[in-house]
Amino acid sequence: MSDDLKLLDDVANSEYKWGFVSNIESDNAPKGLNEDIVRFISAKKNEPEWLLEYRLKAFRHWQTMTEPVWPNVTYPKVDFQDIIYYSAPKPKVQLDSLDDLDPEIKATFDKLGISLEEQKRLANVAVDAVIDSVSVKTTFREALLEKGIIFSSFSEAVHEHPELIKKYLGSVVPYTDNFYAALNAAVFSDGSFCYIPKGVRCPMELSTYFRINSAGTGQFERTLIIADEGSYVSYLEGCTAPMRDENQLHAAVVEIVSHAEAQVKYSTVQNWYPGDKNGKGGIFNFVTKRGICLGNKSKISWTQVETGSAVTWKYPSVILKGDNSVGEFYSVAVTNNMQQADTGTKMIHIGKNTSSTIISKGISGGRSHNSYRGLVKINKSADNARNFSQCDSLLLGDQCGAHTFPYLEVSNKSAMVEHEATTSKVGEDQIFYCNQRGISTEDAVGLIVNGYCKEVFNQLPMEFAVEAQKLLAISLEGSVG
Amino acid sequence: MSTLQETKNTILISAVFENWVNASPRVNAFAATIQEAAHSFLKQGIPTTKHEEWKYTNVTKLATTDFQISANNNTLKKVDVKEMKVTADAVIVVLENGVVNKEASNLEALPKGIHIGSIHDMLDNAVVKKHFLQHADYKTEPFVALNTATFSDAVCIIADANVEMETPIQLMMVNTCFEYCDYVPVRILVVADKNASIHVVETFESFSHTNSIFVNAVSEVVVAENAKVNYVKLQDDPLNTTHINYHRVAMARDSYQHLTTLSLGGGLVRNNLNIRLGDVNCTAYLNGLTVARHKQLVDHHTAVDHAMPHCYSNELYKNLIDDQAQGVFNGKIFVRKDAQKTNAFQSNKNLLLSDDAIMNAKPQLEIFADDVKCSHGATIGQLDDESLFYLRARGIGEDAARALLNHAFAAEVMEGIAHEGVKEKMLDILNDKLK
């Protein structure tokens, strides 16, 4: 009994390590959303006319749309007039070196374990750090530029490479796509932009770190990655937010364009604040992520570890347009307490000999609900398309739920589509086996769950894999009854 | 939820249906329920493809066809239906255009404890009173609402406690209308009381090949404590028929039900199977086979609802889709919070046999209990080239080899049919179909 109490204590104290608020002065737009706010954001960023036009078009379209209700989640309705759509750390001066960075911001990232300086010296990772709405610093830019790789904040790219932005912005996720994509297109504030030229293999991992800091704000970033013919890039994304009682909205858009024989690997460790044990507060994570394999033999691979957010709905997708292109989706989604996740993928096969793999592992504990929703669509043109999907769910308590909603739509007879899904709990015999060998029940569950997720963790870059394992352990603490 | 908003915007009801559901009830004894169902239908309308449950199956055509409610004149005699018997000794109940035809049926020598007849003759039966119109949910199912509001006759099959009947009971649904576009509501109630055991076979056939026919069938099956029901549904309507079938099974503790659906015909066929394992230790099997050709669309929607612990369900659905036909499968398994120690399995296998064939599958698990073993699997593909080669290398022509492999694929579904005579007959029908 006392063990249980101690455990509860531990849980209460160690739940969410990233819940601090940094005292960074910020420059906010007034609350609410109208055309003026859209113009305000655009003016703040000093944007060219065509981008403002794009934003306004998106905004007008957004006004005609209604919030989607089909996901298997319930949450209080978002009041879109009660959100600050633009928040930037102040003072915002052009940064020349890391030394110019606000020490508070630097300290924030140090606390997060994303020491920008250390990253620069030791780890071979280029980082773009985004606080609230604005990209604060991109490291390693010069080194990358030597190879012709462009890695910068989105707003800088708008000024420096307008032709690329014009060509690709909205080409994968048009603003008409869905409610949140339209909203994002209207009010997106910043994000990362990345271009890998022909035949270049990006020598390091590119990484974006997102942090919501200010209260009452929403975060709407936009990431655009273009891999030209024969190039390769591995991209990492991490996110955290402070603990607040209110729900904050995060509606991002990620677009990936992979040309012939190019490969893009996109990894996410999503750890937005999930709310407290009773479901108070937390981030609403409504994200549209999509990639397109344009040419022959191009490849896009999504790996995600979803442990945070009060409500998640997110379906990283791949449009397999080029012949022989490959799409992959590896996901671990963990929900605990009152969290809800509705996540999965879409694989749209258009080209010949295209193949896709989906491995999804859902783990639910507490009173949480975890849904897999996925679409595999084989078009008539997609001869010899191949898909393999596996969706497993693990239940850790008798109050939680696991749901699977796969859609398989096949219009070509040469297609081979396989889907399997299982749901079960951690076997008592497995736990007993560990207990016998002196491993506590808590550790045993950690061990078993880690083994269960191995298939996905193996896909992550090294640094992230370690982080993901730790995160998983923290997310599951106290979920064993 | 906005689904209400959606249906409001897109509500489709033809004037014909509206007139029928507003007319006075044809079976007065249940007037209140019938009226409620009528209101419910007018609220729901004919679903459009925006409705998640009807995403792949477009039935909006029904709202624009000028249907006539089927005439109640019975024309068939015993000799006319002889050919369609599943076994020589089967007890036959004929529903001609949705109305019980006593002349063509052979209900004269029923075993003791078995009661079969039209609802109009069985209104005094306590079991009928208790269960009739009570199980199929017209509040959420528009076609159940339409059926409940418009049926003019129904067939009831009651097996008293402890009665075991080996001979199959065949419900023979026959359409004989040649003049109009016909709307045929079919209503069935089957009750197996405590420890009873029966075999039921539904067959759908039509003598009318020219006009559009819309069959709207609702079957309610009640399986009481420790009772056993083996049920086969054979749907072999002609291509002019739209067939919407709702089958609801309510299971009590320790009961067993085995259901096999064979969809071999019909222009547009939609099967809604809804099995509720309402108490402990129930066992349910659901098997289904589709052979779709031409421009057929065959849709199976199954929902297995595990409400209580220690139950077992197993589902096997196979589809052979040829020509420009389309197949749809949606299999839901719900495991409720209290339904611990549930074992629920589902398998859906599909063969696409032509370039224009389409298959849409959506297996679905919704699980709220942790101590369960649940799985589903779905595959879509074509015949294995190696198997084909193996047969051809042994001197079997390509067509024959394909037929053999298709048959092997399909026959697995038939293996579960408990009654040997019925199984043989079904295999024969399947063989003809696959030739």
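Reply: What follows covers the helix pair, then the confidence, then the chain contact.

The model is predicted. In chain B, helix H8 spans residues 385-393 and helix H9 spans residues 398-414. The crossing of H8(B) with H9(B) is right-handed. From H8(B), the residues in the contact are B:Ser387, B:Leu388, B:Leu391 and B:Arg392. They meet B:Glu398, B:Ala401, B:Arg402, B:Leu404 and B:Leu405 of H9(B). Sorted by class, this contact holds 5 nonpolar, 1 polar and 3 charged residues.

On confidence, chain B has a mean pLDDT of 87, with 94% of its residues at 70 or more. Residues 1-9 of chain B have pLDDT below 50, and this stretch makes 6 contacts in the model beyond near neighbours in sequence. For the model, ipTM is 0.79 and pTM is 0.82.

As for the partner, 32 residues of chain B contact 29 residues of chain A. Strands S19 (358-367) and S20 (372-381) of chain B are the elements that each give two or more residues to the side touching chain A. That side of chain B has 16 nonpolar, 10 polar and 6 charged residues. S19(B) is joined by 6 bridges to strand S23 (residues 401-410) of chain A, and the two strands run antiparallel. Within S19(B), B:Asn360 stands opposite A:Glu409.

Methods. Residues are numbered from 1 along each chain as its sequence is written. Chains are lettered from A and ligands numbered from 1 in the order in which they are written. This is a predicted model: local features need pLDDT of at least 70, side-chain atom pairs count only at pLDDT 80 or more; totals for chains, interfaces and linings use all residues. Axes are lines fitted to C-alpha atoms, for helices over the stretch in contact, and angles run from 0 to 180 degrees between N-to-C directions. Helices (H or I, at least four residues) and strands (E, at least two) are DSSP runs, numbered from the N terminus. A crossing is left-handed if the near helix is turned anticlockwise from the far one by less than a right angle, and right-handed if clockwise. Two residues are in contact if their C-beta atoms, placed from the backbone, lie within 7 Å. Ala, Val, Leu, Ile, Met, Phe, Trp, Tyr, Cys and Pro count as nonpolar, Asp, Glu, Lys and Arg as charged, and the others, Gly among them, as polar. pLDDT is the predictor's confidence in each residue, from 0 to 100. Two strands pair if DSSP finds at least two bridges between them.
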